[in-house]
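Dear colleague,

Here is the structure that I promised to pass on to you. Please open it beside this email, and then read my notes on what was found in it.

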Amino acid sequence: MLIKRTHILTALSLALVLPATALAATGSGDSAGFGVTGAKMAEIAPLQRPIDSFHRLIRISAQQIHAERLAALRKQRREAFATLPGGVTVATLESIAACESGGDPTAVSSDGSYRGKYQFDYGTWESVGGSGDPAAAPEAEQDYRAALLYAQSGSSPWPVCG
């Protein structure tokens, strides 16, 4: 994963501004061990606005990094779905998963019989090549196995959601 120049600049800014933030954050007196008195606070007060701007920059940068990660995950998911068996569409699988488990790959039915994103029972899971607990399998594997099942049986394995 490439580290963008803005991320490096943000980290450098943090390293430079952190000491000023710590000084400005201390109240009057020596409560944080910085030796800042009431008179010194008057000198530090003009730093508050740049500190607030810096905090806003950090918040915005974190949101951008999160958005980039989500976009990368979505792209990875689209690429994984590009080779689904039997011509099953992403929309079909997403619809089934949303109905069956709310899209949660770790979901387990109240009685424990149905497990994972597509609420497989153990027999059905094994019939499409799965092994172990469907709810413990990686999400991509659950998607693939559900696509195999859909290619074999259509929507009949999911009578309510298919």
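Subject: the disulfide and its surroundings

At 10% relative accessibility, C161 counts as buried, where buried means a relative accessible area under 20%, exposed means over 50%, and partly exposed lies in between, all with a 1.4 Å probe and protein chains only. Before going further, please keep in mind that this is a predicted model, in which local features need pLDDT of at least 70 and side-chain atom pairs count only at pLDDT 80 or more, while totals for chains, interfaces and linings use all residues. Residues are numbered from 1 along each chain as its sequence is written, and side-chain values use heavy atoms, with hydrogens and water left out.

C161 is joined to C99 by a disulfide, with an S to S distance of 1.9 Å; the term is used here for a pair of cysteine sulfur atoms within 2.5 Å. The structure holds one disulfide, and this pair links distant parts of the chain, since C99 sits in helix α4 and C161 in the segment after α6, 62 residues apart. In general, a disulfide is a covalent bond between the sulfur atoms of two cysteines. The torsion about the S-S bond of C99 and C161 is about -60 degrees, so the disulfide is left-handed. C99, at 41% relative accessibility, counts as partly exposed.

For the overall picture, the chain has six helices and zero strands, where helices (H or I, at least four residues) and strands (E, at least two) are DSSP runs numbered from the N terminus. Buried residues make up 25% of the 162 residues in the chain. The chain exposes about 10,200 Å², of which carbon and sulfur atoms supply 59%; accessible areas come from the Shrake-Rupley method with a 1.4 Å probe, and for residues only the protein chains shown count as cover. Among contacts (heavy atoms within 4.5 Å) between residues at least 6 apart in sequence, 41% join residues at least 24 apart.

The largest nonpolar core has 16 residues, and those with the most contacts inside it are L93, Y118, F120, A146 and W158. Such a core is a set of buried Ala, Val, Leu, Ile, Met, Phe, Trp, Tyr and Cys residues joined through side-chain atoms within 4.5 Å. The elements that give two or more residues to this core are α4 (90-101) and α6, and α6 gives the most, with four residues. In soluble globular proteins, nonpolar side chains tend to be buried together.

Helix α6 therefore deserves a careful look: at 1.5 Å a residue, its 15 residues (139-153) should span 21 Å, and its end C-alpha atoms are 21 Å apart, which agrees. The expected span is 1.5 Å times one less than the number of residues in the helix. The buried residues of α6 are Q142, D143, R145, A146, A147, L148 and L149. Among them, R145 has a relative accessibility of 15%, and its side chain reaches the backbone oxygen of V128 at 2.9 Å. Not counting residues up to four places away in sequence, R145 touches F120, W125, V128, G129 and G130.

Q152, also in helix α6, is by contrast exposed, with a relative accessible area of 55%. The C-alpha atoms of Q152 and P85 are separated by 9.6 Å, although the two residues are 67 places apart along the chain. Just after α6, G154 takes a positive phi of about 65 degrees.

Which side chain makes a polar contact with the side chain of D143? That of K117 does, at 2.9 Å, a polar contact being a pair of N or O atoms within 3.5 Å; within protein, one must be able to donate a hydrogen and the other to accept it, and residues adjacent in sequence count only if both atoms are side-chain atoms. K117 is placed in the loop between α4 and α5 and, at 2% relative accessibility, counts as buried. Leaving aside neighbours within four places in sequence, K117 is in contact with several residues, including R77, A97, E139 and Q142. Q119 lies in the loop between α4 and α5 (122-127) as well, and has a positive phi of about 55 degrees although it is not a glycine. At 13% relative accessibility, Q119 counts as buried.

With kind regards
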